[in-house]
Amino acid sequence: MKYINEFQNPELASHLLDDIRATVTGPWALMEVCGGQTHSIIRHGIDQLLPDEVELIHGPGCPVCVTPLEVIDRALAIASRPEVVFCSFGDMLRVPGSGRDLFQVRGEGGDVRVVYSPLDALRIAEENPDREVVFFGIGFETTAPPNAMTVHQARKRGIRNFSLLVSHVRVPPAIEAIMKSPDCRVQGFLAAGHVCSVMGTEEYPALAERYKVPIVVTGFEPLDILEGVRRTVRQLERGEHAVDNAYPRAVRAEGNPGARAMLDDVFEVTDRAWRGIGVIPDSGWRLSARYRDFDAEHRFQVSDIATLEPAECRSGEVLQGLLKPHECEAFGTACTPRTPLGATMVSSEGACAAYYLYRRLELPAANVTVPDREASGVV
């Protein structure tokens, strides 16, 4: 494993950019699927350094952002119950539901706690047998294995006052949904390296072949992303559409067999709604039948809560790559980190948050306000 600063070397970045400029005839539109990659791209100005022929489109790669409003409202309903200790990672507390968020529930007296691992929530359940402890399990294939392991441990240790509110989603079906869209402009994908470190790459060749798009597995540092762009552009220029692993220091073709076995045991594939996008078939997980007793949605009977997305929030278009954050009329005015309309503005991986943090002073003044220091923070 090399030091991180080696993957931020400006001289090596310059060489990669020169190679891309020498190769591209374009124009080519590439989508990075991961919100962490989006933040790295905007923070380091990678999209501005690339030649004009290469456009980077931001995809639905932020797990907080794609958690549907109805699931947030179910979380709020559960967290408001007096017998419940509701545990979550910190990035979910500012995500708006219908009229409030988890911070407000906590301010109203709800026992909402920030934890750093689902096992922290299991420990709280073990220490408080008279309380119902719920962990908010969201995310892509990267966070699903530890959540699955926690449920497995709860069952094994007989901790019955623990449950999981599940909103896990899968990347390959999202890629397919994007390619099926009549408005799709994507010609190549930068696949998320951490997802592939768990799941491997076996689901991608069929997608690459079916839609004739190169899929390059890419890391998160500037040189990782530039190398991913370079390899994708080379394929496009040659008329190729293969799966290429540009992140071999972390990704193997088979992924992590132990993590995948745990996922297969605890979860089963299901249709999932994505915030601002809609239901994508087979794009998520739910607890399998043998673990259904640990499903908070069933335990607290909140499955019937359904909510319409606010019309003024265009985060669905941002998540599909149809709109850049600053092109939304509410960006920086009605929608800021202090007064967010959608999760893309408050998540640490949200595209709107990235543009607000790193680009707002470069954007048209009519659409952006310059906030005070407190207002500029994101969770």
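Which strands does helix α8 (residues 144-157) lie across? The views below come from a predicted model.

**View 1. Helices on the sheet.** Helix α8 lies across β5 (132-139), β6, β10 and β11. Its direction runs at about 155° to β6. Helix α13 (residues 257-266) also packs on the sheet. Helix α13 touches β10 and β11, and its direction makes about 80° with that of β10.

**View 2. An open sheet of six strands.** The order is β4-β3-β5-β6-β11-β10, with mixed pairing. β4 (111-114) and β10 (267-274) stand at the edges. Each has a single partner strand, so one side of each is left without a neighbour in the sheet. From one strand to the next, the twist averages 25°.

**View 3. Strands β6 and β11.** β6 (residues 162-169) and β11 (residues 278-287) pair in the antiparallel sense over two bridges. His168 has Trp285 in β11 as its bridge partner.

**View 4. Phe89 and Phe135.** A search of the whole structure finds six aromatic pairs. In one of them, the ring centres of Phe89 and Phe135 are 5.3 Å apart and the planes stand at 75°, so the pair is edge-to-face. Phe89 lies in the loop between β3 (84-88) and α6 (102-107), and Phe135 in strand β5, so the pair ties together parts 46 residues apart in sequence. Phe89 is partly exposed, at 27% relative accessible area. Phe135 is buried, at 0%.

**View 5. Phe331 and Tyr356.** This aromatic pair is edge-to-face, 6.1 Å centre to centre with 70° between the planes. Phe331 sits in the loop between α15 (315-319) and α16 (351-358), and Tyr356 in helix α16. Phe331 is buried, with a relative accessible area of 2%. Tyr356 is buried too, at 0%.

Key: Residues numbered from 1 in each chain as written. Predicted model: local features only at pLDDT ≥ 70, side-chain atom pairs only at ≥ 80, totals over all residues. Heavy atoms only, no water. Pairing = 2+ DSSP bridges. Helix = DSSP H or I, 4+ residues; strand = E, 2+ residues; numbered from the N terminus. Axes fitted to C-alpha atoms, helices over the stretch in contact; angles between N-to-C directions. Contact = heavy atoms within 4.5 Å. Phe/Tyr/Trp six-rings, centres within 6.5 Å; stacked < 30°, edge-to-face > 60°. Buried < 20%, exposed > 50% of the residue type's maximum accessible area, 1.4 Å probe, protein only.
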